[in-house]
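Welcome! Take a moment to look over the sequence and the 3D view, and then let us walk through a few features together.

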Amino acid sequence: MANYADAQELAALRSLSASIGRDPHLTQAAGGNTSLKAGDTLWIKASGTWLKNALAEDIMVPVAIAPLLEAVEQRDPAADQPQAFAIEALNARKLRPSIETTVHALMPQRVVLHVHCVETISLAVQADCEGQLAKRLDGLEWAYVPYRRPGLPLAQGIAERLRPGVDVLILGNHGLVVAAETVAGAEALLRRVTGLLARPPREVVEPNVVALTALIGRTGYRLPADVEAHAAAIDPESCRMASGGSLYPDHVIFLGKGSVVARPGEDVPRVTERCGAAPVAILFPGAGVLMRGDASAGADAMQRCLADVTARVDVAAKLNYLTAAENDELINWDAEQYRQKLNAAGG
C-alpha cells in the first residue's frame, strides 16, 4: 500500500465488497468486482473469487495501471489478459486479476464498484433501456454502453461512451458500474442508483415441491439451493422470458445457453433425451426448477438471479437476448474457462 490512507480505504473497500457479495440482489457467485487506485497501482478483485469472501480471504490483486491503459488504447490483445499486468511481487497468492480489470482502469475515479444487480440487469435487457434510464437517472452523470463481451471489447465500448464527469455506467445485458473518490462515496452512489432503478417483482405462488420431488425420483437432480429460484418457472411471464435465450454473460457461464423449459408431460429423462445431455437446470412451468445434482454453487446463484431479474422485467417490453455468436464467444473464452475452473473448486 502506498500509504496509511490508502490502506484504510482498501480495508473499507474489503468490508463493502463483503457486504455487496452477501446480497444476491447486488451480485451473484463470482460475479461483480471492486477496485481501488493507490498511486500507480490498481487493487482489484481476483478472477473467480467471491466478493462475499473479501474479509475472510485476500482476494485483491495489484495491477500496474499505466501499461494496461496503454494496451487498451492501442487495442493490444494483451489487455484481454490482465494477469500480464499484475504486480507479482505484491501478489502472494498468484491470483489472476478480474477479467474486467480494464473497466476499472478506464474509470478515472479512485474507487470503482461493478455489480450485477438485478434491478439494473432487468432494465439493461430491455430494448427500451436507454429511454427508461433517461427518466430514472435524470440529474446523474451516467452513460449507457451497449453489450460487448467482458474484457477488452467492453473496455473499448466504455471508452467510446465515457465523458468527463461520468460516474455511472449502465452496461447493456450486463450490469452497473459506479465510481467515486472514496469508498463511502461509491457506496452512497450505488445505493442511490439501485434505488432509482428499483422495480417491484411480480409475486408468485409457492413451488409445487411434491410434484418436483416426484420428478426427481432417481434422476440425480435436486431442488435449488434458494427457494426463490423457482419463480422463473412458476411465473408464466418469467418462464416465457427465460425460454427466449440468454440475457446476460454469467447466465451462459454458469448455466449454459438459455434455459431449458420442460414441455407438457415431459419428465427429467425425456428432457435430457431431447437436449442430448442433462441440463444444469430444468424449468417445469407452474411447478418450479430442478438442478442437476453436480450443479455448482455458482449455478445455483445464477438460477436464482434469473428468477430475480425476469420477475422485474416489464412484461410488455421487447427483450435483447445474446446472439448465438455472443453465446459461443463466452463459452469458448479462456478467461471464463479459468473462472469456471475456480468456481467448480468451491465458492
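## A strand and some charged pairs

Asp235 is buried, with a relative accessible area of 9%; here buried means under 20% relative accessible area, exposed means over 50%, and partly exposed lies in between (1.4 Å probe, protein chains only). This is a predicted model, in which local features need pLDDT of at least 70 and side-chain atom pairs count only at pLDDT 80 or more, while totals for chains, interfaces and linings use all residues. Residues are numbered from 1 along each chain as its sequence is written, and side-chain values use heavy atoms, with hydrogens and water left out.

Asp235 has a charged partner: Arg202 forms a salt bridge with it, the closest N and O atoms being 3.0 Å apart. A salt bridge is a side-chain nitrogen of Lys or Arg within 4 Å of a carboxyl oxygen of Asp or Glu. This pair links distant parts of the chain, 33 residues apart: Arg202 sits in the loop between helix H7 (183-197) and helix H8 (209-216), and Asp235 in the loop between helix H9 (231-234) and helix H10 (236-243). Helices (H or I, at least four residues) and strands (E, at least two) are DSSP runs, numbered from the N terminus.

How many salt bridges does a search of the whole structure find? The search finds 18. Three of them are listed here.

| Pair | N to O distance |
|---|---|
| Glu88 and Lys94 | 3.7 Å |
| Arg202 and Asp235 | 3.0 Å |
| Arg274 and Glu266 | 2.8 Å |

Lys94 counts as exposed at 55% relative accessibility, and Glu88 as partly exposed at 37%. Arg274 is partly exposed, with a relative accessible area of 32%, whereas Glu266 is buried at 14%. Salt bridges also link Asp80, Arg149 and Glu329 in a network.

Now turn to strand E1 (residues 33-38). Six of its six residues are buried, so E1 is largely enclosed by the rest of the structure. Asn33, Ser35 and Lys37 point one way from E1, and Thr34, Leu36 and Ala38 the other way. In a regular strand the side chains alternate between the two faces of the sheet.

Which strands pair with E1? Two strands pair if DSSP finds at least two bridges between them. E1 pairs with strand E4 (residues 111-115) in the antiparallel sense over four bridges, and four bridges also join E1 to the antiparallel strand E2 (residues 41-45). Leu36 stands opposite Val111 in E4 and opposite Trp43 in E2. E1 and E2 form a hairpin with two residues between them, and Gly39 in the turn has a positive phi of about 65 degrees.
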